[in-house]
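Hi everyone, thanks for making time today. I'd like to walk you through one model, so please have a look at the screen.

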Amino acid sequence: MADSDNTTALPFVIQGGRKKGCAVDDEARSNGVAHAERRRADFLTPLDPCVVLLQDWEQAHHMAMVLCRLQQRLEIRIRNALASSETEGGLQNDQQRPPQASVPTDRQTRWDDLDREIGYSRARAAEAQAIEAEEEIVDAVADTPAQSIAGVIAKLKIIVGGGETMADTSAFPWPQIQSTLADLKALGESEVDAETSGLRPSVSAAKKATKHHPRRG
């Protein structure tokens, strides 16, 4: 009789455990669907125009920095080449040296030849264009209203980034702007965490599922 009681009670326990386990699974599945729909809506939502400005500014700023380093290296190459040729010329006989009046002209001619060969002036012109594009974006910040906290953060990032070229960024208003930017970033991150916390399966639900799941053996 004891064996018979155990045999009839076991399906009831398993059935109940499965029902509760399935309820938790359904809740997690619905949360996952809601999260996926929210992510899809985020992708379909147009970007804040200030965020677009930030993306454009970062690209222009990166190009300006790359071209700045490039033209500096090319300028050093030209100066080293001129110094090397002048050293070799200094070893020549005085009768073979050109008159002093022609030295600046000769140096400029050799500079121009090396410039055309190396591309220093082209790199410098490209850098100037990148800097001009960067400055135009900074000017556009004042005329572009933000439509979200992310847009406000983007505007401040552009302002702070544009101010890095100034001689002294430790004086007013740069520390205050950087502090405000840090505050907005923290607030934006906390809001995102608050919005997504309800989409994650809770630890207590997972514990309940483990507790009610029938053990084998």
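Let's start in helix α3, residues 103-118, where Asp106 and Arg110 sit four residues apart, about one turn of the helix. Helices here are DSSP runs of H or I with at least four residues, strands are runs of E with at least two, and both are numbered from the N terminus. Asp106 makes a salt bridge with Arg110, and their closest N and O atoms are 3.3 Å apart. By salt bridge I mean a side-chain nitrogen of Lys or Arg within 4 Å of a carboxyl oxygen of Asp or Glu.

Before going on, a word on what you are looking at: this is a predicted model, so local features need pLDDT of at least 70 and side-chain atom pairs count only at pLDDT 80 or more, while totals for chains, interfaces and linings use all residues. Residues are numbered from 1 along each chain as its sequence is written, and side-chain values use heavy atoms, with hydrogens and water left out.

Back to our pair. Asp106 is partly exposed at 36% relative accessibility, and Arg110 is partly exposed too, at 22%. For the cut-offs, buried means under 20% relative accessible area, exposed means over 50%, and partly exposed is in between, using a 1.4 Å probe and protein chains only.

How many salt bridges does a search of the whole structure find? It finds three. Another one is also in α3, where Asp113 and Arg116 lie three residues apart, about one turn of the helix. Their side chains meet at 2.4 Å, N to O. Here Asp113 is partly exposed, with 37% relative accessible area, whereas Arg116 counts as exposed at 56%.

For the remaining pair we move to helix α2, where Glu75 and Arg79 are four residues apart and so separated by about one helical turn. The N to O distance in that salt bridge is 3.1 Å. Glu75 is partly exposed at 21%, and Arg79 is partly exposed at 41%.

Now let's zoom out for a moment. The protein chain has seven helices and zero strands. Of its 217 residues, 22% are buried. Among the contacts with a separation of 6 or more, 78% are between residues 24 or more positions apart; a contact means heavy atoms within 4.5 Å.

Next, helix α4. This helix has 22 residues and reaches 32 Å from its first C-alpha to its last, close to the expected 32 Å. That expectation is 1.5 Å times one less than the number of residues. Which residues of α4 are buried? They are Tyr120, Ala123, Glu127, Ala130, Glu134, Ile137 and Val141. These residues cover an arc of only 110° around the axis, which puts them on the same side of α4. The arc is taken from the directions from the helix axis to the C-beta atoms. On the other side of α4, you will find Arg122, Gln129 and Asp139 exposed.

Glu127 is buried yet has no salt bridge, and the nearest side chain of opposite charge, Arg124, is 5.7 Å away. On charges, Lys and Arg count as positive and Asp and Glu as negative, while His and the chain ends are not counted. Leaving out residues up to four places away in sequence, Glu127 touches Ala64, Leu67, Cys68 and Gln71. Gln71 belongs to helix α2 and is itself buried, with a relative accessible area of 9%.

Finally, the nonpolar core. The term covers a set of buried Ala, Val, Leu, Ile, Met, Phe, Trp, Tyr and Cys residues joined through side-chain atoms within 4.5 Å. The largest one has ten residues: Cys50, Val51, Leu53, Leu54, Trp57, Ala60, Ile137, Val141, Ala154 and Ile158.

As for α5, its buried residues are Gly151, Ile153, Ala154, Leu156, Ile158, Val160, Gly161 and Gly163. Cys50 touches Gly151, Ala154 and Ile158, among others, not counting residues up to four places away in sequence.

That's my tour, and I'm happy to go back to any part of it. Thanks, everyone!
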